[in-house]
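Good morning, everyone. Please have a look at the sequence and the model before I start.

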Amino acid sequence: MEENRKPVERLYEEFAKFEKAMEELRFLKLVAQDLKSFRRMIRFKKYD
């Protein structure tokens, strides 16, 4: 029975890693959008 649990546990670990990577990717995407917005604001601020 223990032999059957190891692949399942490994699968859960891989899914957890994948989920964490997706969260980090989502965060980096939001940071990139914020930086683009910030660059636009600086450009507009220059002409005020």
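I will go through the overall fold, then the salt bridge, then the surface patches.

First, the ground rules. This is a predicted model, where local features need pLDDT of at least 70 and side-chain atom pairs count only at pLDDT 80 or more, while totals for chains, interfaces and linings use all residues. Residues are numbered from 1 along each chain as its sequence is written, and side-chain values use heavy atoms, with hydrogens and water left out.

Now the fold. The protein chain has one helix and zero strands; these are DSSP runs, H or I of at least four residues for helices and E of at least two for strands, numbered from the N terminus. Of its 48 residues, 0% count as buried. Buried means under 20% relative accessible area, exposed means over 50%, and partly exposed is in between, with a 1.4 Å probe and protein chains only. The accessible surface of the chain is about 5400 Å², and carbon and sulfur atoms hold 60% of that. Areas come from the Shrake-Rupley method with a 1.4 Å probe; for residues, only the protein chains shown count as cover.

Next, the salt bridge. The structure holds one, meaning a side-chain nitrogen of Lys or Arg within 4 Å of a carboxyl oxygen of Asp or Glu. Its partners are Lys17 and Glu14, at 3.7 Å from N to O. They sit three residues apart in helix α1, so about one helical turn separates them. Lys17 counts as exposed because its relative accessibility is 54%, whereas Glu14, at 37%, is partly exposed.

Last, the patches. A patch takes residues with over 30% relative accessible area and no salt bridge, joining like charges within 9 Å and nonpolar side chains (Val, Leu, Ile, Met, Phe, Trp, Tyr) within 5 Å.

Which residues make the nonpolar surface patch? They are Phe27, Leu28, Val31 and Leu35, covering about 390 Å². Leu28 is in helix α1 and is exposed, at 53% relative accessibility.

Lys36, Arg39, Arg40 and Arg43 form a positive patch. Lys and Arg count as positive, Asp and Glu as negative, and His and the chain ends are not counted. A charge is placed at NZ of Lys, CZ of Arg, CG of Asp or CD of Glu. Arg39 belongs to helix α1, residues 2-46, and is exposed at 56% relative accessibility.
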